[in-house]
Amino acid sequence: MSTEYRLSVSGMSCAGCVASVESALQAVHGVESATVNFAEHTALVQGEAPLDDLISAVKAAGYDAAALRGLDDETEKEAAEYAYYRQLLRKALVAGTLGVPLFVAGMADRLPDVSTVAGGLFWLYTGFATLGVLIYSGGHFFTGSWKALRRHNANMDTLIALGTGSAWVYSMAVVLWPQLVPSLARHAYFEAAAIILCLINVGAALEMRARGKTSEAIKKLIGLQPRTARVVRDGEEVDVPIENVGLDETLRVRPGERIAVDGVVIDGHSSVDEAMLTGEPMPVEKQPGDEVVTGTINTAGSFLYQSKRIGRDTVLAQIIEMVRQAQASKPAIGRLVDKVAAVFVPAVMIIAVITFLAWYNLASDLGLSYAVVATMTVLIIACPCALGLATPISIMVGVGRAAEMGILIRNGDALQQVGKLTTVVLDKTGTVTEGKPAVTDVLGINDHTEQEILVVAACLETASEHPLAAAIIAAARQRDLVVPEIEQFEALSGLGVVGRLAGQQVLLGNAALLNQHKVDVTPLQADADRLAAAAKTPMYVAFNGRVIGLLAVADPVKPDSAAAIGRLHKLGLRVTLLTGDNEETARAVAHQVNLDEVVAEVRPEDKDSVVAELQARGEVVAMVGDGINDAPALARADVGLAIGSGTDIAIESADITLMGGSLHGVADAITLSRATVRNIKQNLFGAFIYNSIGIPVAAGVLYPLMGLLLSPIIAGAAMAMSSVTVVSNANRLRWFRSPREVRS
């Protein structure tokens with residue numbers, strides 16, 4: 001049986017490490033897939049391999065791993081990351097305490113000459129102090145580079161260790177044997193090594209702090225899960241830990257409390273705020289028989305409900321798991337970057353060697369000194385952290401922000417594909433329309449009121465099992481009408497229903513039913529035709545042999561469907577209606593919401609072929625449906641979006657799941673996905689430009705033209721800030737707002 005494990009992986013320093021860890025995990029027997037998220041320092045593994053084998057494989061690759069199982073593990077992981085953040089700052093402080101005074105004194109020309117006895121002693125003590133800084137503030141880089149070397153590999157640690165280590169070795173050689181170095185090249189670079197470590201540690205701390213903010217959405221979702229529940233046992237209400245709640249237990253929820261587990265209301269009624277689930281701000285009325293979902297807030301009265309889904313089976317747990325999987329997934333552009341990053345460090349090391357040889361052989365007396373400086377600068381500035389973070393950090397923030405808006409994105413490929421869409425195909429029932437019949441029109445003649453018409457119709461339908469009966473009864477209840485009992489009820493297939501009320505015959509049905517009973521429908525014939533043309537089902541009401549009114553039932557268009565489709569048009573998309581309903585009804589709905597094309601009378605099993613035909617015409621298609629009968633079309637489409645309300649949707653059937661029932665969610669998903677892809681491209685552009693310009697400048701290509709040779713200290717600062725810049729740019733997605741949110 002395939003199992004999914006989520007591991008916390010420590011020791012990864014750059015995108016090159018991602019390839020090493022993924023390769024190690026994929027090599028374990030029984031592993032079906034392994035994806036490493038560098039931004040979150042986690043791995044998602046699926047397969048039949050034992051957990052111990054996975055952890056051993058990661059450790060054998062030179063890293064450390066631990067399984068993440070629940071809320072407590074997440075809290076411990078967060079605490080460990082904060083402790084490491086504080087440790088990085090301490091390391092930076094120690095390195096800065098030595099490096100900054102040396103740098104300032106050097107700039108002021110206050111440092112002694114290394115060739116003198118006093119100067120030699122000063123620099124010797126400084127060298128040993130710098131060695132202490134290398135061990136304390138940079139020890140993790142040297143350890144990481146040694147582990148990589150043992151695996152015949154190279155990573156960011158390798159570059160930093162080589163850069164700072166070579167600076168120290170060269171400086172100590174100058175201090176101990178100054179006569180072996182030309183006089184103009186007798187310069188110690190201890191301050192450069194110390195300040196580089198200071199800057200890199202500060203940058204890593206800032207990056208870690210910023211990365212912590214990218215997982216705010218997951219933290220918020222986890223925070224929605226109550227730790228205790230009020231359970232009714234043996235007639236008493238007791239608070240128990242959430243993990244001790246079983247199936248089919250009775251729970252009490254008081255005003256202001258969160259629902260502890262998924263269940264069904266059995267007693268009482270209330271309003272529940274489901275914004276965390278659907279993104280819709282208005283509370284939803286709940287009464288016996290209605291479902292309630294973990295993490296939603298009871299805003300009004302107290303009620304009892306019976307638990308139906310607990311633990312990892314709750315909707316909230318499934319949402320958290322889906323968001324994690326999406327954050328760990330990689331779009332095609334991300335997989336390409338990982339391949340580039342895997343060979344990037346070895347390429348930089350080759351460039352560094354070429355740089356050293358070029359300066360040493362082509363420069364004058366300062367050739368050795370310049371060779372050391374340029375080589376060190378190349379190694380430091382080229383660390384590929386920003387390159388490795390560019391894609392996963394944007395996906396983490398974008399997917400998290402989407403979850404906060406009630407949009408669940410399953411994978412990174414869907415994110416990337418959404419930006420290429422040209423056509424959106426909409427199912428009608430439950431997508432463009434409400435998905436449940438409702439009374440839309442009530443007409444009375446000869447002084448008969450709407451209330452009278454509804455009372456007669458409702459008393460007949462209370463005994464009916466017809467799908468439209470519920471809509472008529474609901475309309476009567478909304479008006480608080482008293483509905484008397486019907487006598488001699490009879491349902492006539494294809495015609496309507498007949499009965500007796502107060503001793504008089506009453507009829508409800510189509511014209512054929514009334515004609516059969518010699519009732520003239522002429523007074524309302526024109527109104528019936530008008531309603532039928534508007535995709536509504538007209539039904540005549542007759543009392544004591546005379547028609548007294550007409551009511552119409554329809555599946556009404558959602559109030560915001562037209563506005564949402566207008567947003568899709570503004571995004572440059574063509575919108576098509578795909579439905580199994582008759583042509584007349586479909587075109588009436590399409591006219592109301594301004595759709596571009598209608599494909600009607602299509603069987604559910606044939607919907608995917610319609611999507612395939614659009615794709616054959618060169619369209620990039622998104623299919624929007626309820627995720628159940630539209631599953632084949634959702635799977636066929638380039639991007640499938642399941643739209644529904646809360647627990648009624650089939651999460652497994654689509655690339656993107658909209659927890660709310662509004663079509664605005666489709667436009668929001670497309671807009672946010674496009675923003676995320678733009679953010680990824682911005683990050684990648686910045687990272688590539690940084691390295692494309694930084695490495696040649698560090699190597700000294702500007703020196704012959706402008707006499708400019710980049711300082712290793714500036715290179716260290718640039719390298720540290722490049723990662724912070726990428727993470728900060730990704731975090732801008734946290735402030736993404738849909739037009740609906742802006743207006744509110």
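What share of the contacts in the chain with a separation of 6 or more comes from residues 24 or more positions apart? Such residues account for 68% of these contacts, where contact means heavy atoms within 4.5 Å.

The structure is a predicted model, in which local features need pLDDT of at least 70 and side-chain atom pairs count only at pLDDT 80 or more, while totals for chains, interfaces and linings use all residues. Residues are numbered from 1 along each chain as its sequence is written, and side-chain values use heavy atoms, with hydrogens and water left out.

**Overall form**

The chain holds 26 helices and 26 strands; these are DSSP runs numbered from the N terminus, helices being H or I with at least four residues and strands being E with at least two. The chain is more spread out than a compact globule, because its radius of gyration is 35 Å, well over the 27 Å that the globule rule gives for 744 residues. That radius is taken over C-alpha atoms, and the rule is 2.2 Å times the number of residues to the power 0.38. Along its principal axes the C-alpha trace spans about 125 × 65 × 50 Å.

Of the 744 residues, 52% are buried. Buried means under 20% relative accessible area, exposed means over 50%, and partly exposed lies in between (1.4 Å probe, protein chains only). The chain exposes about 32,500 Å², of which carbon and sulfur atoms supply 56%; the areas come from the Shrake-Rupley method with a 1.4 Å probe, and for residues only the protein chains shown count as cover.

**Charges and salt bridges**

The chain has 60 positive and 78 negative charges, and their mean positions are 8 Å apart. Lys and Arg count as positive and Asp and Glu as negative, without His and the chain ends; each charge is placed at NZ of Lys, CZ of Arg, CG of Asp or CD of Glu.

A search of the whole structure finds 17 salt bridges, a salt bridge being a side-chain nitrogen of Lys or Arg within 4 Å of a carboxyl oxygen of Asp or Glu. The table gives some of them.

| Pair | N to O distance |
|---|---|
| Glutamate 237 and arginine 230 | 3.7 Å |
| Lysine 286 and glutamate 274 | 2.9 Å |
| Arginine 530 and aspartate 527 | 3.4 Å |

Lysine 286 and glutamate 274 are both buried.

Arginine 530 and aspartate 527 share helix α18 (residues 522-533), where they sit 3 residues apart, about one turn of the helix. Both are partly exposed: arginine 530 has a relative accessible area of 45%, and aspartate 527 has 25%.

A network formed by salt bridges with shared partners joins Arg230, Glu237, Asp239 and Arg252.

**Positive phi angles**

Aspartate 234 is not a glycine, yet its phi is positive, at about 55°. This aspartate 234 lies in the loop between β5 (228-233) and β6 (236-241) and is exposed, with 82% relative accessibility.

Aspartate 248 also has a positive phi, near 60°. Its place is in the loop between β6 and β7 (250-253), and aspartate 248 is partly exposed, with a relative accessible area of 45%.
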